[in-house]
Amino acid sequence: MIMALPIVAVVGRPNVGKSTFVNRITHGNDAIVHEMRGVTRDRSYHEAEWSGVHFTLVDTGGIEMGDDDVFQGSIREQAFVGAEEADAIVFIVDGKTGIAADDDAVARILRKTSKPVFLTVNKMDNPADESAMWEFYQLGLGDPWPISSEHGHGTGDLLDAVIDVIRDIPEREPEERENIVNVAIIGRPNAGKSSLTNRLIGKERSIVSDVAGTTRDAIDTTIEHEGTFYTIVDTAGLRRKAQIDQDVEYYGFVRAMRAIDRADVALLVVDATLGLTDQDQRVAGYAHERGCALAILLNKRDAVESGDTLNALREDIEERMNFVKYAPVLSISALTGKSVDRIWNMIDDVFASYSAHITTGKLNAWLQTIREFGFTVSKGKRRLKLKYVTQTRTCPPQFTVFCNMPDLVNDNFERYLENRFRQTFELPGTPIVFKFKKRD
């Protein structure tokens with residue numbers, strides 16, 4: 001992964017205020033904040049700036065050394081990986097509850113690192129109360145920094161100290177990269193999105209578990225593949241809004257929507273062992289409505305009984321997801337890696353369609369064939385006549401058609417135009433938009 005800015009990792013056990021701290025520093029609400037323990041499970045990256053110095057904050061999952069929770073070993077590992085990547089570490093403890101066993105265990109590990117560590121005592125609404133700080137000296141990490149992430153007390157002094165140690169760190173692997181393809185991996189919970197993410201980026205970047213709903217944040221990783229840069233976003237599994245009965249699930253849903261909004265290409269992961277579900281259709285609808293390019297991946301092909309099952313699933317997709325019939329379909333196994341390497345070419349092809357520009361001459365030659373065919377719409381004595389067409393936008397491609405009576409255009413005629421358009425111009429994987437304007 002290429003990270004040009006200095007990295008500051010925020011570590012600590014659950015519910016000490018790490019995400020609140022990150023949100024205050026970044027002036028946003030990208031990190032999910034919730035009172036439930038273990039909400040932040042993966043590392044998430046956030047750009048921040050202080051005193052003119054830009055850096056990246058890494059919000060890590062809560063560290064619990066002795067917990068047997070199904071996720072806890074992975075959360076702990078992700079937190080330590082975040083610290084290994086960092087140029088500086090902010091170790092947050094809870095000033096209200098005092099030192100916990102997990103705090104002491106983490107401190108023993110951090111004392112061995114050569115990275116600068118800032119022991120930060122959070123929830124100190126009155127930082128002037130120095131007597132409450134003496135306990136934390138026994139962690140052996142130097143002078144503690146009293147702060148209140150919620151109210152902002154002490155955060156400025158802490159950041160001044162952090163900036164002093166990272167200010168002169170040279171940027172890593174500075175490269176001129178104008179074009180990065182943003183790829184969102186979407187789908188309902190437990191379809192294999194995180195496993196696929198890890199396959200694509202070649203490292204254990206997202207926590208993988210067979211418990212539905214593991215990934216709650218949208219997590220960005222920028223990588224290079226054969227000279228092209230891609231930002232891969234593993235998003236929280238998308239459920240129906242009516243099924244989101246916990247606040248934290250809703251936050252993950254919102255974050256996934258944001259990931260789709262800024263994606264160029266969405267990879268819809270469908271669990272081939274379960275077949276096509278209503279949820280899969282809804283998720284595809286989210287990407288289509290937001291004008292995102294789309295490819296469909298039938299995952300877990302290694303667990304499917306026969307090729308006939310996959311063929312039946314493809315036919316089901318063609319019938320029930322006609323609104324995204326432009327999306328190519330590929331069967332893969334994220335678990336074994338089968339056909340995963342073919343995804344890169346699929347992304348490239350889909351993105352090429354998404355960003356394609358068609359010359360006005362070719363467009364109007366196509367429009368001439370439409371006029372010659374003679375099919376149009378009319379109402380009474382009024383009859384639609386198409387005059388001229390030009391491309392007015394890319395990503396996704398948008399075409400403005402000048403005509404005499406744009407109010408006559410209906411959905412059926414638009415579908416007819418799109419079908420004829422796609423027969424002439426191959427644009428796999430991308431929605432296309434027609435706008436109709438009046439021209440006498």
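Q: How many cavities of 30 Å³ or more does a search of the whole structure find?
A: This is a predicted model, and a search of the whole structure gives 2 cavities of 30 Å³ or more.

Q: What volume does the second largest cavity have?
A: The volume of the second largest cavity comes to about 40 Å³.

Q: And which elements give two or more residues to the lining of the second largest cavity?
A: Those elements are α1 (18-26), β3 (53-59) and α4 (155-166), and α4 supplies the largest share of the lining, with 3 residues.

Q: Which residues line it, by name?
A: The lining of the second largest cavity consists of Val 8, Phe 21, Ile 25, Phe 55, Leu 57, Val 90, Leu 158, Leu 159 and Val 162.

Q: Staying with α1 and α4, at what angle do their axes cross?
A: The axes of α1 and α4 cross at roughly 80° and come within 12 Å; the two helices are therefore roughly perpendicular to each other, since angles of 65 to 115 degrees count as such.

Q: Which residues meet there?
A: From α1, Phe 21, Arg 24 and Ile 25 meet Thr 155, Leu 158 and Leu 159 of α4, and by class this contact has 4 nonpolar, 1 polar and 1 charged residues. Phe 21, Ile 25, Leu 158 and Leu 159 are also among the residues that line the second largest cavity.

Q: Changing topic, how do the axes of α10 and α11 cross?
A: Helix α10 (residues 360-373) and helix α11 (residues 411-424) have axes that come within 11 Å and cross at roughly 125°, and the pair is therefore oblique. The crossing in which α10 passes α11 is right-handed.

Q: Which residues make that contact?
A: On the α10 side the contact is made by Leu 363, Trp 366, Thr 369, Ile 370 and Phe 373, and on the α11 side by Tyr 416, Leu 417, Arg 420, Phe 421 and Thr 424. By class, the contact of α10 with α11 has 7 nonpolar, 2 polar and 1 charged residues.

Q: Now the backbone: which residues does a cis peptide bond join?
A: A cis peptide bond joins Cys 395 and Pro 396, with omega at about 0°, and Pro 396 lies in the loop between β15 (386-393) and β16 (398-403).

Q: And what about the phi of Glu 226?
A: Although Glu 226 is not a glycine, its phi is positive, at about 50°; Glu 226 sits in the loop between β8 (219-225) and β9 (228-234). As background, most residues other than glycine have a negative phi, and most peptide bonds are trans.

Technical notes:
Residues are numbered from 1 along each chain as its sequence is written. This is a predicted model: local features need pLDDT of at least 70, side-chain atom pairs count only at pLDDT 80 or more; totals for chains, interfaces and linings use all residues. Side-chain values use heavy atoms; hydrogens and water are left out. On a 1 Å grid over the protein atoms alone, a cavity is a set of points where a 1.4 Å probe fits but cannot get out, and a pocket is an open set with protein on both sides within 12 Å along at least five of seven lines; lining residues have an atom within 4 Å of a point. Grid points are joined across faces, edges and corners, and a volume is the space filled by probe spheres set on the points. Helices (H or I, at least four residues) and strands (E, at least two) are DSSP runs, numbered from the N terminus. Axes are lines fitted to C-alpha atoms, for helices over the stretch in contact, and angles run from 0 to 180 degrees between N-to-C directions. Angles under 35 degrees count as roughly parallel, over 145 as roughly antiparallel, 65 to 115 as roughly perpendicular and the rest as oblique. A crossing is left-handed if the near helix is turned anticlockwise from the far one by less than a right angle, and right-handed if clockwise. Contact means heavy atoms within 4.5 Å. Ala, Val, Leu, Ile, Met, Phe, Trp, Tyr, Cys and Pro count as nonpolar, Asp, Glu, Lys and Arg as charged, and the others, Gly among them, as polar.
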